[in-house]
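Here is a short briefing to read alongside the model. Have the sequence and the 3D view open, and follow along topic by topic.

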Amino acid sequence: MRTEDSGRGASYTVPCDDYVHVVEFSPFDSGSAALLAYGGNQYVVVGTCRFQEEDMEVEGVEFTTLRVFHHALRVDCLAWSPESRLDKLPQLIRFCTAAADRKVRLLTSDLQNQHEVKVMEGHTSYINHLVFEPTEGKQIASVSDDHTCRVWDLEGNETTTFRLRSPGVSVCWHPEDAFKLMVAEKKGTIRFYDLVTQQAILSLDCGQSPLMSADWCLSNTIKVGAVTGSDWVIWDITRSSYPQEKRPAHVERAGNFRWSRVNENLFSTTGCPGKISSQLLVHHLGHPQPVMIGSATVGAGLSWHRSLPLCVIGGDRKLSFWMTEM
């Protein structure tokens, strides 16, 4: 059944052993097929994904598990390090996670017999998002319900703390300028910080709240997008601190906003998980209506492939992938 209302089923699915709470494609070139990590109740699975669009010999999708990492608690968010490499020996897998115990964990493995977990403590409430510094991967930034954004080195030292005025929901690092950080707050403000002066250099205002998720368009960094209430909003940061475009997206609250990595006009939003059917919407800035409506049961997480117009969300014992026609 493919009625417009119910949306279309996934292009591809990969079965999993448990409920998937988070899923992230690595945004970095790891010298192999796309790296993907997904996490559930006490584990993180790391593997590679190949799709028929990039390899004629693959039928649909081919997921190869590299390693299953034990994780003390349910994984709430996850970020990839740019240091992860599969094309050099020793191989290196490095990512960080956050869980309900308010700790950041840095996991490193050579996929042989060396595995290390470093625990970083400091947040006093739930951690909503984290990210690695994208050029060298020697720092991690995290945002929390405790009204802070904290920057850590890989030894677990807190090097910088920004006090926020409401819970931090998203954090993004500039792709070339390692000293610029974007932090989105639940009450509807997005601020850009200079890590050298430790000052806010620019702020954007949604004009409404709650802001649930924001993303910096890394292929064109004058664009910032977010979901707030049930709407998506987009800014051109060179023009105004107020959104340039705003549209209703979801019947109920929206949950996630993510820019595509291959097309600066393509982005996706999801409804809040927990509803019977959480919609995945793919939008194109030139089109008034979503260019694709995907229907997924209780989806969680949202991530785009680094070189294909394809996004993934997690769900009940499966990963669902949607390919968008460009």
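Does Lys 138 count as buried, partly exposed or exposed? Lys 138 counts as partly exposed, because its relative accessibility is 41% (buried means under 20% relative accessible area, exposed over 50%, partly exposed in between, with a 1.4 Å probe and protein chains only). Please keep in mind that this is a predicted model, in which local features need pLDDT of at least 70 and side-chain atom pairs count only at pLDDT 80 or more, while totals for chains, interfaces and linings use all residues. Residues are numbered from 1 along each chain as its sequence is written, and side-chain values use heavy atoms, with hydrogens and water left out.

**Overall build**

- The chain has 0 helices and 27 strands (DSSP runs numbered from the N terminus: helices are H or I with at least four residues, strands are E with at least two).
- Along the principal axes, the C-alpha trace spans about 50 × 50 × 30 Å.
- Of the 326 residues, 56% count as buried.

**A four-stranded sheet**

- Four strands form an open sheet with antiparallel pairing, in the order S6-S7-S8-S9 (two strands pair if DSSP finds at least two bridges between them).
- Strands S6 (75–80) and S9 (115–120) are at the edges with a single partner strand each, so one side of each has no neighbour in the sheet.
- On average, neighbouring strands of this sheet are turned by 20 degrees against each other, direction ignored (axes are lines fitted to C-alpha atoms, for helices over the stretch in contact, and angles run from 0 to 180 degrees between N-to-C directions).
- S6 and S7 (residues 93–99) run antiparallel and are joined by 5 bridges.
- Within this sheet, Cys 77 stands opposite Ala 98 in S7.

**Salt bridges**

- The whole structure holds 14 salt bridges (a side-chain nitrogen of Lys or Arg within 4 Å of a carboxyl oxygen of Asp or Glu).
- One of them joins Glu 83 and Arg 94, at 2.6 Å from N to O.
- Glu 83 is in the loop between S6 and S7 and Arg 94 is in strand S7, 11 residues apart.
- Arg 94 counts as buried, at 15% relative accessibility.
- Glu 83 also forms a salt bridge with Lys 138, where the closest N and O atoms are 2.7 Å apart.
- This second pair spans 55 residues, with Lys 138 in the loop between strand S10 (127–132) and strand S11 (139–144).
- Another salt bridge links Glu 264 and Lys 223, with the closest N and O atoms 3.1 Å apart.
- Glu 264 sits in the loop between strand S22 (254–259) and strand S23 (266–271) and Lys 223 in strand S19 (residues 223–228), so this pair ties together parts 41 residues apart in sequence.
- Glu 264 is partly exposed at 29% relative accessible area, whereas Lys 223 counts as buried at 12%.
- Through shared partners, salt bridges join Glu 83, Arg 94 and Lys 138 into one network.

**Aromatic rings**

- There are 14 aromatic pairs in the whole structure (rings of Phe, Tyr and Trp, the last by its six-membered ring, with centres within 6.5 Å; planes under 30 degrees apart count as stacked, over 60 as edge-to-face and the rest as tilted).
- Among them is the edge-to-face pair of Trp 259 and Phe 267, at 5.5 Å centre to centre and 65 degrees between the planes.
- Both Trp 259 and Phe 267 are buried.
- One aromatic cluster is formed by Tyr 12, Phe 25, Phe 51 and Phe 321.
- Arg 67 has its charged end over the ring of Phe 69, 4.8 Å from the ring centre (the criterion is NZ of Lys or CZ of Arg within 6 Å of the ring centre and within 35 degrees of the ring normal).

**Backbone details to look up**

- Leu 89 and Pro 90 are joined by a cis peptide bond with omega about -5 degrees, and Pro 90 lies in the loop between S6 and S7.
- The peptide bond from Ser 209 to Pro 210 is also cis, with omega near 5 degrees.
- Leu 111 is not a glycine, yet its phi is positive, at about 65 degrees.
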